[in-house]
Amino acid sequence: MKSNYLLLAYILTAVVELILLGCDLSFSIYLRPICVVLIYSYYVTSTKKNNFFLLFYLTCELVNEMFFLIDFTKYFTLVMLCYSLATFSMLHHLWPLYAKANFKTELNELLRPMLGLIAVMYIFWELTFMVFDNLPNNLVFFPALLALLSWLFFCTLIPVKNKHPDNFALYIMGGAMGVMAPSMFIYEFLWSNTVVLYFSLFSMIVLKIFLVNYLIKLQNILKSREEFF
């Protein structure tokens, strides 16, 4: 019950943070560390243990989001490095599921997710050409792009073979990341509309909620019966 209150407190604080973004950027930024404390406390209270990979992810994302809001162009290298580190650190949790799954399966099972993944990659490819010349540092962009595509790959293919009901959250996590990351670039380099900014930050909130809830259930998923694979 206590953990549910922490999750509710995180959601309310995150919503207030979004509302304040249009009024007082500095106060909105000050609330972000509180959000990290709340969402991590929710995980610890639910599992009765620490997760240093999750804490590392949340810390990197905190730095990423804060400096994105302050000045994405000026702190581009820092934001991209933190994003890459955060995303790759979370792949540590998905790897056991991927390694356990047997991907010797019917082609029609893989066809739809693969076509979806190819379509997303094409969109990212086109977006890359649109913003590439405006990027302050091209070198750090590619590891970040690799991190994003790796995340989408794992989130798309794991539920195909491991049909545990809780793995449906991976689709939402992949979709949230697939919205959040590109919209950051769209807002900064193509279309600085407030709606795009809110869309990006809201996607990040959704990602964190589903990610932490998924990690809380991860051990049960790994111990699931073989029929799920």
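Colleague: Which exposed residues does the face of H1 turned away from its buried side carry?

Modeller: Exposed means over 50% relative accessible area, buried under 20%, and partly exposed in between, with a 1.4 Å probe and protein chains only. Helices (H or I, at least four residues) and strands (E, at least two) are DSSP runs, numbered from the N terminus. On that face of H1 the exposed residues are Tyr5, Leu12 and Ile19. The model is a predicted one, in which local features need pLDDT of at least 70 and side-chain atom pairs count only at pLDDT 80 or more, while totals for chains, interfaces and linings use all residues. Residues are numbered from 1 along each chain as its sequence is written, and side-chain values use heavy atoms, leaving out hydrogens and water.

Colleague: Which residues in H1 are buried?

Modeller: Ser3, Leu6, Leu7, Tyr10, Thr13, Ala14, Glu17, Leu18, Leu20 and Leu21 are the buried ones in H1. They lie on the same side of H1, because they cover an arc of only 165° around the axis. The arc is taken from the directions from the helix axis to the C-beta atoms.

Colleague: What covers the buried residues of H1?

Modeller: The cover includes helix H2 (25-47), helix H3 (52-71) and helix H8 (194-222). Contact here means heavy atoms within 4.5 Å.

Colleague: Glu65 lies in helix H3. Is Glu65 buried or exposed?

Modeller: Glu65 is buried, its relative accessible area being 6%. Leaving aside residues up to four places away in sequence, Glu65 touches Arg32, Met204 and Lys208.

Colleague: How many disulfides does the count come to?

Modeller: A disulfide is a pair of cysteine sulfur atoms within 2.5 Å. By this rule the count is 0.

Colleague: Which residue has a positive phi although it is not a glycine?

Modeller: That residue is Lys48, with a phi of about 60°. Lys48 is placed in the loop between H2 and H3, and it counts as exposed at 70% relative accessibility.
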